[in-house]
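Please keep the sequence and the 3D view open while reading.

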Amino acid sequence: MPHSYGYRARTRHMFAKKFRKHGQVQLSRFLRPYHAGDIVDIVADSGEQKGMHHKYYQGRTGVVYGVFPRAVGVIVYKTVGNRKIEKRVSVRVDHVRHSKCRDNFVNRVKANAAAKHAAKEKGEHVNLKRQPVQPREAHTIQVAQNKPVTLAPQPYDTLI
């Protein structure tokens, strides 16, 4: 077979649907609201070939810059050589989903705000900075109850 260099070359598994997930695109995909500034993941749905992105953008995360009747414009940064180029990709809403990359950050901001509010009511100061994992506490081992065990390799034996 001759080697192909087409737009969808070498995407057999990349764009394939998952096991038992075949069929048409879910209707709820079209009902999700997108606004400029939203962070989205570009993931192809091979149930709809229209408005599909190039294979380079599969799994990339970008920011919505424009919302159109059937598609959204997404800004993605592409590494070319030693620089990052801003690419504006028009992708149909079937192939876009809201990213969960900021969920942990947003939840932490809300929890910190609640902790600050509770501390202010009590008149206390609260430290909300994250700390790296600290070394374990020092402790001593009692040898009286824990006798040392000497480990030795066992000889190889074939039992069939």
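Serine 99 counts as buried because its relative accessibility is 14%, where buried means under 20% relative accessible area, exposed over 50% and partly exposed in between (1.4 Å probe, protein chains only). This is a predicted model, in which local features need pLDDT of at least 70, side-chain atom pairs count only at pLDDT 80 or more, and totals for chains, interfaces and linings use all residues. Residues are numbered from 1 along each chain as its sequence is written, and side-chain values use heavy atoms, with hydrogens and water left out.

**Serine 99**
- Serine 99 sits in the loop between β5 (96–98) and α2 (103–122); helices (H or I, at least four residues) and strands (E, at least two) are DSSP runs, numbered from the N terminus.
- Not counting residues up to four places away in sequence, serine 99 touches Ile39, Val40, Asp41 and Thr61, contact meaning heavy atoms within 4.5 Å.
- The backbone nitrogen of cysteine 101 is 3.2 Å from a polar atom of the serine 99 side chain.

**Tyrosine 7**
- Tyrosine 7 lies in the segment before α1 (28–31) and counts as exposed, because its relative accessibility is 54%.
- Its C-alpha atom is separated by 7.8 Å from that of lysine 55, 48 residues apart along the chain.

Conventions: A polar contact is a pair of N or O atoms within 3.5 Å; within protein, one must be able to donate a hydrogen and the other to accept it, and residues adjacent in sequence count only if both atoms are side-chain atoms.
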